[in-house]
Amino acid sequence: MHFELLPQKEWLSPPTPAFRPLGPWWPVEVLSIELHEGDKLRIHRQYMMRRESLYINGEWAPATGDGVIEVINPANEEIIGSVPVGSQADVDAAVRAARAAFPAWSESGIEERIRILNELSAAIKDNTEELAQTITAEVGTPIGYSRMAMVGTPRVVTRSYAKMLESFEWEQEVRNSLIVKEPIGVCAFITPWNFPLHQIIGKVAPALAAGCTMILKPSKEAPLNAFLLADIIDQIGLPKGVFNLISGHGSEVGEYMSSHADVDMVSFTGSTGAGVRVSQAAAPTVKRVTLELGGKSANVALDDADPQLVGKMAIGACYQNSGQTCSALTRLIIPESMNDEVCEVIASRIARYTAGDPLEDSTRCGPMVSARQQTSVSGFIQAGIDEGAKLIAGGMGMPDDLETGFFVKPTVFANVTPDMTIWQEEIFGPVLVIATYESEAEALALANDSIYGLSGGVWSADGERAMAFARGMRTGQVSINGGPFNISAPFGGYKMSGNGRELGQHGMEEFLEIKSIQRPVE
Ligand code: NAD
């Protein structure tokens, strides 16, 4: 494999029509050409995206922080772009803009908000390929999944809020009171890298629908898609100051946003540790804080479930987005009597979960997002081995035939017990752990044996039995027999997986204050 840098004038061909240039930066240069051995020549175009400005008050303005944040493609370890480092002064400017925009936007007509949300959804659709390629380059997500989940879901979520506004009830009569719902005000959004655009839209779309104004700080690992979103928002003509974008360091910009006296609400998605810091920074100003944090979700097979189906479905439920999914079902809990058969199914099917170049359609597992994440996931795999779990697939080191990129092997451990690190800790990589139980009560105790409570799964031939078990799980979502993700159902955590809900009506209500107006009783 050979990489070569070409200057812009030596493009081999212009961008395809599907790649609609959004900003003045597009494209800056072709970064790499990949020459495969033999007679097969394939060209990978990667566009360097160097963004130097922040989006504040409807304009691109130079950042005033020091240095830049470089973005690395985790599949080949190449730098693919950079974003500026915002400062506290930049946050102040963005908050001022959002505050100034709030009175008009909070009183904007519902028809206008519906139009904006529909235009945003349509623009995300028009730019699907560019957004998906960018997210695959930043995160390493296999390209098909990027198109479908990373871009398709935000498009549909945005549209769902336009639809919801058509019938949303803003007022309610309760005896002599009129209960009115009003937008909470200026919101700060802090988002992670793993489903970057989905997590941004899960805040931006309901906040726009509610009539709030906002400042977004995307993650350092995957900020470029947020800049594309800002380009889109600029093009559709959202009023100045309603949406503002500041890139920068979480410990500086993120904490400052959280503590800002003129921010009414902070909505955070990320690790539990950073969520705690956000809560602490926000506490003195008593602003509303919603947190979408980590998970270690259980996938439970009851004794009447089909072991073949359980084994087959457990792989996808754990490994989607290369295991870097907060709601991944990473703990498989099965009857002792099912252990051999389920482990056999998983061990035989895991080979189909091929790791490799995320731009190849056949790739199912991309790299970890960063070298740090690769080291962290590898550390958990080593801990599983050291603590005596039975390795039935994967293990330490890079997958076969891969030398570059932040990859780990898709890994499965059986005979895992609750005292083990790999049972308790969120690994955030393609590592499935399997434990067994004797009684259903033990299965429920194992499922709930976690500081987290974000998601879960139950498998049973009897729907009512599965429903009863699902009700017993201390977690924000449960899928029965593979029931699919629903973008209109509330998403969020029990316990240390967070507080507040995103998506659907519950997600929008997080952005509303409630006022009771009492009238004289006649
Ligand atoms: P992270 O906590 O490192 O970063 C998330 C965001 O917080 C980033 O924008 C980061 O810059 C910022 N940040 C970091 N420290 C901060 C601080 N002290 N104050 C304010 N902001 C700060 O998380 P990550 O590595 O980007 O994402 C992975 C984590 O996110 C996992 O734990 C995963 O489970 C969780 N997650 C949860 C959900 C959910 O909906 N529950 C969704 C996706 C990811």
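The model is a predicted one: local features require pLDDT of at least 70, side-chain atom pairs count only at pLDDT 80 or more, and totals for chains, interfaces and linings use all residues. Residues are numbered from 1 along each chain as its sequence is written, and side-chain values rest on heavy atoms, with hydrogens and water left out.

I begin with the strands. Helices (H or I, at least four residues) and strands (E, at least two) are DSSP runs, numbered from the N terminus. Two strands pair if DSSP finds at least two bridges between them. Seven strands make up an open sheet with mixed pairing, in the order 15-16-17-14-13-19-20. Strand 15 (390–393) and strand 20 (479–480) stand at its edges with a single partner strand each, so one side of each has no neighbour in the sheet. Within this order, strand 13 (residues 297–301) pairs with strand 19 (residues 456–459) in the parallel sense, over four bridges. For A298, the bridge partner in strand 19 is G456.

An antiparallel case is given by strand 2 (residues 53–56) and strand 3 (residues 59–62), joined by four bridges. Here S53 has P62 of strand 3 as its bridge partner. The two strands form a hairpin with two residues between them, and N57 in the turn has a positive phi of about 55°.

I turn to the salt bridges. Side chains of opposite charge can pair when their charged atoms come close. The criterion is a side-chain nitrogen of Lys or Arg within 4 Å of a carboxyl oxygen of Asp or Glu. By this rule there are 16 salt bridges. For exposure, buried means under 20% relative accessible area, exposed over 50%, and partly exposed in between, with a 1.4 Å probe and protein chains only.

R147 and E129 meet at 2.8 Å, N to O. Because R147 lies in helix 4 (residues 143–165) and E129 in helix 3 (residues 128–139), the pair ties together parts 18 residues apart in sequence. R147 is partly exposed at 32% relative accessible area, whereas E129 counts as buried at 16%.

E182 and K515 form a salt bridge at 3.1 Å, N to O. This pair links distant parts of the chain, with E182 in strand 7 (residues 177–183) and K515 in strand 23 (residues 512–518), 333 residues apart. E182 is partly exposed at 30%, and K515 is partly exposed at 38%.

Which residues are linked in a network of salt bridges? They are D303, D304, E440 and R465.

Finally, the surface patches. Their residues have over 30% relative accessible area and no salt bridge; like charges are joined within 9 Å, and nonpolar side chains (Val, Leu, Ile, Met, Phe, Trp, Tyr) within 5 Å. Areas come from the Shrake-Rupley method with a 1.4 Å probe, and for residues only the protein chains shown count as cover. Asp and Glu count as negative, Lys and Arg as positive; His and the chain ends are not counted. A charge is placed at NZ of Lys, CZ of Arg, CG of Asp or CD of Glu.

D306, E336, D340, E341, E344, E438 and E442 form a negative patch. Helix 10 (residues 339–349) supplies the largest share, three residues. E438 lies in the loop between strand 17 (431–437) and helix 13 (440–447), and is exposed at 67%.

A nonpolar patch consists of I385, L391 and M396, with about 220 Å² of accessible area together. I385 belongs to helix 11 (residues 371–386) and is partly exposed at 36%.
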